[in-house]
Amino acid sequence: MKKERETLEILIANGIDKNYAKDIVLRACLSAMDDSEDIDYMDEVRKLMIRDLGDSVSSGLEILFFVGPTGSGKTTTVAKMASWLSLTVESSVGIIAADAYRAAATEQIEAFTKIMDKPCIEINDMSPAQFISDHPGMKQVLVDTQAYTSRENWSDYFTKLYDSFQNYKRKIIMVLPATGRLHNLKNMIDYFKHNDEVSLLFTKLDETDIYGEIYNIQKYSGKPISYVSFGQDVLSDFGPFKLHKWANALKMQ
Ligand SMILES: Nc1nc2c(ncn2[C@@H]2O[C@H](COP(=O)(O)OP(=O)(O)O)[C@@H](O)[C@H]2O)c(=O)[nH]1
Ligand SMILES: [Mg+2]
């Protein structure tokens, strides 16, 4: 205990936030326990810190947060995106299930990640930094989040989640049903107004043939449209937004 306390004090004296310092010391203790040989404790702490920063600086790792209203298709889209990224850009992808509110969401993701053989954690089980250092080489980590219901209900939850990845490049993908109405989505779109890393992803294009609301939502939010989803099949029915296809689908007469 003495050693841990001293290390904690050294880290804090170096200006490291108390909570980060505790996390580092905890992880150093765990790896010391794993190692049968007598390891240099301070050396282990240093290695962990280099690994944390090295990952965030050089790997180009992106953390993608999938946010949206209830039932918009967040969980399904995380699975689709993971499969699409693996197949098209041969990217190594990890998944974090952060929708602890709906138990089934985690099971849904876990079932998929088993088939796809992707690393996956539930956010409460492990720190994000630990997950990332345990799976070197990941290019994207996709985070399935709890549904946005109202600013009051959601803000604390999301801020905490978002901040726990502050060492990494973060992007937010707003998952919105093409069948949804701008009027009902305004509250949520306003919440992200000042974040420049937001893009829009429309789901359920197969459930409507009226695509004008996509225009309204884009104009109101000012955010780019990144991807679309057009069916329930996880291995297909997903891809980048194609402007011409959308324009051709509009009924002009
Ligand atoms: N038709 C259609 N259904 C979809 C699409 N994306 C998701 N869904 C369905 O919408 C429902 C809610 O999806 P889910 O991913 O659980 O939504 P979440 O609550 O936002 O995580 C499920 O029945 C999905 O199969 C899509 O592009 N087209
Ligand atoms: Mg879900």
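Modeller: Let us begin with a strand pair: strand β5 (residues 169–177) and strand β6 (residues 198–203) run parallel and are joined by six bridges. Strands (E, at least two residues) and helices (H or I, at least four) are DSSP runs, numbered from the N terminus, and two strands pair if DSSP finds at least two bridges between them. This is a predicted model, in which local features need pLDDT of at least 70, side-chain atom pairs count only at pLDDT 80 or more, and totals for chains, interfaces and linings use all residues. Residues are numbered from 1 along each chain as its sequence is written, while chains are lettered from A and ligands numbered from 1 in the order in which they are written.

Biologist: Which residues of β6 are the bridge partners of Val175 and Leu176?

Modeller: Val175 has Leu201 as its partner, and Leu176 has Phe202. β5 also pairs with β1 in the parallel sense, over six bridges; there, Ile63 stands opposite Arg170 of β5.

Biologist: What order do the strands of the sheet have?

Modeller: The sheet is open, with eight strands in the order β3-β2-β4-β1-β5-β6-β7-β8 and mixed pairing. β3 (120–122) and β8 (238–240) are at the edges with a single partner strand each, so one side of each is left without a neighbour in the sheet. On average, neighbouring strands are turned by 20° against each other, direction ignored. For such angles, axes are lines fitted to C-alpha atoms, for helices over the stretch in contact, and angles run from 0 to 180 degrees between N-to-C directions.

Biologist: Which helix gives the most to the shell around ligand 1?

Modeller: A residue is near a molecule if its C-beta atom, placed from the backbone, lies within 6 Å of it. Helix α4 (residues 74–88) gives the most, with three residues. Of the 17 residues around ligand 1, Gly73, Lys74, Thr75, Thr76 and Ser229 come nearest.

Biologist: How is the chain divided into domains?

Modeller: Domain bounds come from an automatic or database domain assignment. Here the assignment gives domain 1 (2–53) and domain 2 (62–249). Their centres, taken over C-alpha atoms, are separated by 34 Å. Four residues of domain 1 are in contact with five residues of domain 2, contact meaning that C-beta atoms, placed from the backbone, lie within 7 Å. On the side of domain 1 that touches domain 2, α2 (18–34) and α3 (41–58) each supply at least two residues.

Note on methods: Contact = placed C-beta atoms within 7 Å.
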